[in-house]
Structure formats: C-alpha cells, structure tokens
Amino acid sequence: MKRPLLIALALLCTLGFGGLGVWQVERLQWKLDLIARVDARVHAAPAPLPEPAQWAALDRRDYEYRHVRAQGVFLHDRETLVQALTERGPGFWVLTPLRTPQGLVLINRGFVPPEKRVPASRFGGQVPGTATVTGLMRASEPKGTLLRSNDPAANRWYSRDVAAIAEARGLGVVAPFFVDADAAPNPGGYPIGGLTVIHFRNSHLVYALTWFALAGLSAAGAFLLLRTRTPR
C-alpha cells in the first residue's frame, strides 16, 4: 500500500507545483503590465490635478506615478517634516500644503539634510506667491512604517500619511494623495526634489521556474515509482 500512496503523493505534488508555476507566470505578466503602465505615466506630458469631485473615486492603481502639474500658493507655515533615507543620506521630506483652484494638495517638495530642517536655514526655498509644481502623484502612506508608527502629538513622522498630517496641521479637506515634486531647483538649493524611487521587485520568473522544476521532479518521481517492480 505504501507505493500507491507515494505515487499519489508525487502526482498531487506535480499538480500543485505546476499550478503554482502557472500562477507565477500570470503574476509575471501582471507585473510587466504594471511596469509598462507606470513608465507610460511617468514619461507622459503633465496633466492637471483631478478635481475634488473625483477624489473619492480615485484608485491608486490608476493614478500612482501619474505626471501632473499644479499651480497655487504654498502654506509654508503648515509644512511637515517626514524622516527620509535617500541616495543623499538621511534627512527629511518637506511636505507643504499647496492651495490650488482644485483645493489643498500636499506637495512633497523634496529632501533636506538634518542641518536644513529648520525653515529659517533654507529661507530662500520658502517660495512666496503663486508657484507651479510638476511632479508625480503618490498614494498616502497611512500610520507609519513597519518598525515605527507616526506620532502626530510629538510631531514625529515616519511616513507620508496625508489624512493624519492634514488633521495635525488643521488643514481640513485635502486631496487624498500627495505629489512628489520633480527635480526643478528651488531657490537656495533646498528642498531637493526629483528623488522619487520607482522600483518594482520582479522575481516572478525565478519563482515560476522553481515551481515548474519541482513539478518536473515530482512527475519524474511518480514515473520511477510506476516503473519500479514491486518485489514478491
């Protein structure tokens, strides 16, 4: 009875591993489509911001990394510093509300090192009057990071949580997304924009080949068991 059970188990593993391999192939196609869509958005001509009537229906899968342009007035007295680790080292993202005809939108104006966290140390970058911002739409990052939670009461921010920042700064209704500003230089050199990292981990082909290899080994095991004569 042991041999038939082993054969059945090997065949079951063949089907299971094969199914996982097919699933990874489907995931690979999805990931490649996603990368292509995002690449098209990033390199498209900048579009206007969505109107407030569209905000509730926005789906991050449809808008994230969309290239947009906004015009308005920065509320520099309501800026928020969010801890950041970038190619330029540790520091902070400067998130500043922009009052636009479409409503309030948080703009990630870019990176500042620790010695530039105080606004007075980068006074030239506190642009007065009407400003035009071009950048990429990004989805809110609720609550914090895996290791550290945002602490609004202590003004410690580890992620760009739009709703929590808006509440902490008394902004009222704001767009449910934020915009990463592009690399257009700010007066005085800070903040430094254009540091958006666009990277999608894509190991689905490796996973698929692994599952198919295991399916092949299981099928080979079943074949060998079927050919092996049962001793009398």
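Biologist: Is Trp211 buried, partly exposed or exposed, and what is its relative accessible area?

Modeller: Please keep in mind that this model is predicted. Residues count as buried under 20% relative accessible area and as exposed over 50%, with partly exposed in between. Trp211 has a relative accessible area of 26%, so Trp211 is partly exposed. Phe17, with 21%, is likewise partly exposed.

Biologist: How many aromatic pairs are there, and how is such a pair described?

Modeller: A pair of aromatic rings is described by the distance of the centres and the angle of the planes. In this structure the count comes to 3 aromatic pairs. One of them joins Phe17 and Trp211, with 5.7 Å from centre to centre and 20° between the planes. This pair is stacked.

Biologist: Which parts of the chain does the pair of Phe17 and Trp211 tie together?

Modeller: Phe17 belongs to helix H1 (residues 2-42) and Trp211 to helix H5 (residues 204-227), so the pair links parts that are 194 residues apart in sequence.

Biologist: Why is the pair of Tyr63 and Phe177 called tilted?

Modeller: The ring centres of Tyr63 and Phe177 are 6.0 Å apart and the planes lie at 55°, so this pair counts as tilted. Tyr63 is in helix H3 (residues 60-63) and Phe177 is in strand E7, so parts 114 residues apart in sequence are tied together. Tyr63 is buried, at a relative accessible area of 6%, and Phe177 is buried as well, at 0%.

Biologist: Which charged end sits over the ring of Phe74?

Modeller: That of Arg109, which is placed 4.7 Å from the centre of the ring.

Biologist: How many cavities of 30 Å³ or more are counted?

Modeller: The count is 1, and the largest cavity has about 40 Å³ of space. Its lining includes Trp93, Asn108, Asp180 and Ile192. Strand E5 (103-112) and strand E7 (174-181) each contribute at least two lining residues. The classes here are 4 nonpolar, 5 polar and 1 charged.

Notes. Residues numbered from 1 in each chain as written. Predicted model: local features only at pLDDT ≥ 70, side-chain atom pairs only at ≥ 80, totals over all residues. Heavy atoms only, no water. 1 Å grid on protein atoms, 1.4 Å probe; cavity = no way out; pocket = protein on both sides within 12 Å on 5 of 7 lines; lining within 4 Å. Points joined across faces, edges and corners; volume = space filled by probe spheres on them. Helix = DSSP H or I, 4+ residues; strand = E, 2+ residues; numbered from the N terminus. Nonpolar A, V, L, I, M, F, W, Y, C, P; charged D, E, K, R; others polar. Phe/Tyr/Trp six-rings, centres within 6.5 Å; stacked < 30°, edge-to-face > 60°. Buried < 20%, exposed > 50% of the residue type's maximum accessible area, 1.4 Å probe, protein only. Lys NZ or Arg CZ within 6 Å of the ring centre and 35° of its normal.
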